[in-house]
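Subject: Structure handover

Hello,

Here is the structure I said I would pass on. Please look through it first; my notes follow below.

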Amino acid sequence: MDDLMETLGAIKTTVAVNSASVGDTWDWETAEKRIADLLEIRGRFAEVHEVTVSADGEKIAAPVKTDDGNFTACVNGEVWPEMFELLWYLKFSPDGKLTALTKSDDQWTIAVDGECWEEKFEYIWNTQFSADGKVIAAQAKREMDYLIVVNGAVWSNIFVSTRGLAVSNDGRKVAAVVQAVPLKEADIFGFLEGTWTLAVNDKKWDRNFINVYRPTISPDGRHVAAEVRLDICEYTVATDGEPWQQRFGCVWEPLFRGNQSLLAPVRVDGNWTLAENGRLIWKGAYNQLWYQRFSPDGSRIAAVVSPAFGKWTIAVDDKLWKKTYNDAVLEPFFSPDGRRVAAIVKDQNRWTIAVDGIPWTETFDMVWNPVFSPDGNDVIAKVNKNGRFTIALNGRAWRRDFEAVWEPVFSPDGTKVLVKAVEDGKYYRRVVPIQELMG
Amino acid sequence: MYEFARGPLVWIALLVFAGGCLYRLVWMVRAAKQDKVVIPYMSWKYGLRSLLHWIVPFASRNMRLHPVMTVVTFVFHICLLLTPIFLLAHNVLWQQSWGVSWWSLPSRLADVMTVAVMAGGIFFIGRRLRLPEVRNVTDYSDYLLIAVVLAPFVTGFIASQQWFAYRTMVILHMWTGALMLMAIPFTRLSHMLYFIFTRMYMGSEFGAVRNAKDW
Amino acid sequence: MVEKAGSQAAQAVADPEIETKAKKIRPEQMVKDPGLDETIKRLTPEQIESVIKRVLTKETAARLRVYLDTCVHCGLCAEACHTYLSRDRDPEYSPVAKVKNTLWEIVKRKGKVDGEFLKNASRIAFTECAVCRRCSMYCPFGIDIAYLLIVVRRILNLLYVVPAYLQDTTNSHAVTMNQMWVQEDEWIDTLQWQEEEARMEMAKARIPLDKEGADIMYSVIAPEPKILAQLINYMAQIMTVAGMDWTMPATDGWDNSNMAMYSGDFETMGRVERQHYETAFRLKVKKIVMGECGHAFRGAAYDGPKWLVWKHPPVPLIHAVEFYYDLLKTGTIKIAKKFPEPTTVQDPCNIVRGKGLGKKLRYVMNALCEDFRDVNPRLEHNYCCMAGGGTINCGPPWTRSRMVSNKVKAEQFKATGAKIIVTPCHNCHSGIEQLVSFYKLGMHVKFISEILVECMEVPQHLKV
């Protein structure tokens, strides 16, 4: 019991820290800023590729191709001074730095706000960030060796291959799924002996597995876990290299609840249920179960489940929502106070959002993840209908719509919403009072 | 022997047959639930569409590829099913025992139908012996099953024609008839029960899931 | 010819024992394959029995039992099978014989079978049956014979008695989520390279990578980036002319193929399909258009979703044939000049018996080709290419056997007098290329996109 309280306490701290950092320092006062004229930018370059917007909405960027065939990044209308043979995968870090994968002289690297890492590679991809944006990691290749690069520095371990990368919230841990043992072509026996493992901060786990999938890191960054495959049809979850004693027909990605408790969907006799540190904790045997998520204090668990073939819904603490959906239900989101749960649902090829089991009446061509207000009373989401984009609040689409919209963010006090949108070819950052969205 | 066959055996046979069929159907539904996809995939529309194409002679390509087999199998199955139900002699017995009766086949026609069943059975045996692809998957049980089906028809036919050993034949007829009834739920003769379901399931999978024909 | 030698041997001797031996020494049955020869040495009788028990009691139910109880051994399925027809009606190649030699025995002996038995079962289930489901259409009872062979494959997968090349392909899926060990960087690099190639043919052609919110996610099978990369640039040109808002993922989930489905590794099959649809969810696309592949359609449209318990794909899945049909039918793409050579077509099982696209395929063929010559039998009744169902993935050791097993297909093509065979499926494509060379048909095999790119009208502003 003490352990549990401690765990829950730890979760609370982590969550509090995380939520305090989002949006606190952003400008919630200026009602409207015209950040960039995309039409003007499009006119200026031979080509302008897909645009991306920073979390705070202050910057909009796109790879641009100049008339002489070179690439660079254009941020709020300003181009980076350096030109590249190729530039793509523009990503803003959570703290607003713009990163890109760039190619010069047939060598690839990452450019951060226009500055290239010194190390160059045959190829580099999959830029990942810590929650504060201080750590930038990626996978890379050099002369057939596979590498992990963290803030421009290459790990000393080289690998036969890498697949998948995870960075802890605080950035102190970087984990990668790596192939540690080379495998001859069509060597089906060597394969069964296990050639894959996880490397954490440049150090491999002691043990190899047939497969390792989807690493996850505890909130405090101390523990790393992943799905592992032990035999042809034998799976479990390993934490810090140590597999659970229990074996299952299949497992899906684990997720830490607090820093000690690890939960994963597991398949037992053809049905799925939820296991915590190897022990089954839900009685329900579902046709499918995945995307287990926890309330901020860790006391409640929600997951996507299928109670009957072709029927999908959410189970909260092993209790099903009444209504099921035929197409899909995506990952559940808890409100900050842990009272409510929302998820994207899809039926007859129409998308909408369901909150506490009740779907919005309006349906859309596409919806993005639901966002709860800080008090948990309101839910907003980006939606797409008839080729136009807008924000829906508690099931009703705003009367204004746009050529493009990015996912909305609530102000810390919950009275305003940050709306990043493109209107008549111009990109605006707007802070909209919640009442206006209702109108 | 005759008294037993005329009395308890009929009841036993009917009970075993009905009970057995019920049991096999309940078992099938349970197994179908365990086989998660079966019930959700079932579609009346496509199931019946498929059934229709396979209970109408020559409505499927495979039936057209085997015209003789198609004719024989339809005649055989129709006669096999109808003759015992609408036979005058059986009707008389039902009238005596339970006070129910219905329209009867003219005896000449009943004879022809009985012969058709026997001829069909012989055709099937011949097919098993002659065609390599059938012989290859035939074992003693296949002949035994044909024998079980033919026996009541042969004995009944001999008895009705009163060619010889009438009383023995009647008793044999009753026993073999009972045996066949009882064998239906518990042998491959259960295709009588399952045909509709396997056919409709396949029709559903082809039609509803795969948007294709299955005939 | 191999099959001739086999049948002559069978006719020359009357002694059934020698006849059996003659059958046994068919060259294709002596093929060495470590996936069969070596794996069986590692098995214990207890292991075999327990795996079989598990599959027969826990993983299967109504279909298996009812099918086994309903089959009256009538042999009417024989006519359906291209291997039976191709091998001069050798009864051992009829669908029911394949079940008899595998599942009937397994059930009868309650799982007490040995390594040699499993090896033979593996040969039958993986290399002599393409699970094309033609027989399932010919059984009067609608018994899904292909399903029964898949159950056999499942057992063999759990015992690892799978032809080595096929197993290796499944292992690739398990590691990389694609079929050909394509590394993450190789994938992206190839797309960027093909974008450049496309631009040499067409101004402004692009392959938008990882574009969230595009209408269409285009997914392909791993042989495209690995060995047939030009097909990706053809699609880039087609998408550009059609003015589609499309994207291709820069992460795993781009490969829609699924050999794990065929080797019986359903866990890996499910994982691959989950990745495919999760990628579509992540990219927020309204539909997935997939390249010209049949088995991939089957995996992504129902076998995969079924295991994951989606009754239908959670994101609409459009096969290339249907996509081209829509483009041509609506006039989104117009044909400038029809393809002149005499052309015939293969109906890929998994999109024709598997999605009823036969008529749309013919619409596309007639729209593209001046001289389209149809095959007989056609549509749902067409013969399998004997490359799908994982058979071609069993690799070179089994190629000759597969060729012998599909003489009817070669004869069918020859009768059309066509010069070009169009195959909107990768397995059909590779298999029929082998068939053309084995039987010296002197024909060429093409995908629809190759012809479409050649024949479509390119608007002036897109011309280089």
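**Chain B**

Read along the sequence, chain B runs α-α-α-α-α-α-α-α-α-α-α. That pattern holds eleven helices and zero strands, where helices (H or I, at least four residues) and strands (E, at least two) are DSSP runs, numbered from the N terminus. This is a predicted model, in which local features need pLDDT of at least 70 and side-chain atom pairs count only at pLDDT 80 or more, while totals for chains, interfaces and linings use all residues. Residues are numbered from 1 along each chain as its sequence is written, and chains are lettered from A and ligands numbered from 1 in the order in which they are written.

The C-alpha trace of chain B spans about 60 × 40 × 35 Å along its principal axes. Chain B has 215 residues, and 34% of them count as buried. A residue is buried if 20 or more other C-beta atoms lie within 10 Å of its own, exposed if 12 or fewer, and partly exposed in between, with C-beta atoms placed from the backbone.

**Where chain C meets chain B**

On this interface, 39 residues of chain C are in contact with 38 residues of chain B; contact means that the C-beta atoms of two residues, placed from the backbone, lie within 7 Å. Helices H5 (62-70), H7 (95-108), H9 (134-138) and H17 (295-308) of chain C each supply at least two residues of the side that touches chain B. The largest share of that side, seven residues, comes from H5(C). By type, the side of chain C that touches chain B divides into 17 nonpolar, nine polar and 13 charged residues. Here Ala, Val, Leu, Ile, Met, Phe, Trp, Tyr, Cys and Pro count as nonpolar, Asp, Glu, Lys and Arg as charged, and the others, Gly among them, as polar.

H5(C) packs against helix H1 (residues 2-34) of chain B at an angle of about 140°, with the axes 8 Å apart. The two helices, H1(B) and H5(C), are therefore oblique to each other. In this contact B:Met28, B:Ala31, B:Ala32 and B:Gln34 meet C:Ala62, C:Arg65 and C:Val66.

**Domains of chain C**

Chain C is divided into domain 1 (31-162), domain 2 (175-326) and domain 3 (332-455), with bounds from an automatic or database domain assignment. The centres of domain 2 and domain 3 of chain C, taken over C-alpha atoms, are separated by 22 Å. Between these two, 25 residues of domain 2 of chain C are in contact with 28 residues of domain 3 of chain C. H14(C) gives the largest share of the domain 2 side, seven residues.

**Cores**

The largest nonpolar core has 312 residues, and those touching the most other members are A:Ile124, A:Ala137, A:Leu198, A:Ile353, C:Cys77 and C:Tyr324. A nonpolar core is a set of buried Ala, Val, Leu, Ile, Met, Phe, Trp, Tyr and Cys residues joined through C-beta atoms within 7 Å. Helix H10 (residues 145-159) of chain C gives the most to this core, eleven residues. A second, separate core of 22 residues includes B:Val149, B:Phe153, B:Met174 and B:Leu181.

**A:Gly270**

A:Gly270 lies in the loop between strands S25 (261-268) and S26 (271-276) of chain A. Because A:Gly270 has 14 C-beta neighbours inside 10 Å, A:Gly270 counts as partly exposed. Not counting residues up to four places away in sequence, A:Gly270 touches C:Lys58 and C:Glu59.

Regards

Note on methods
Axes fitted to C-alpha atoms, helices over the stretch in contact; angles between N-to-C directions. Parallel < 35°, antiparallel > 145°, perpendicular 65-115°, else oblique.
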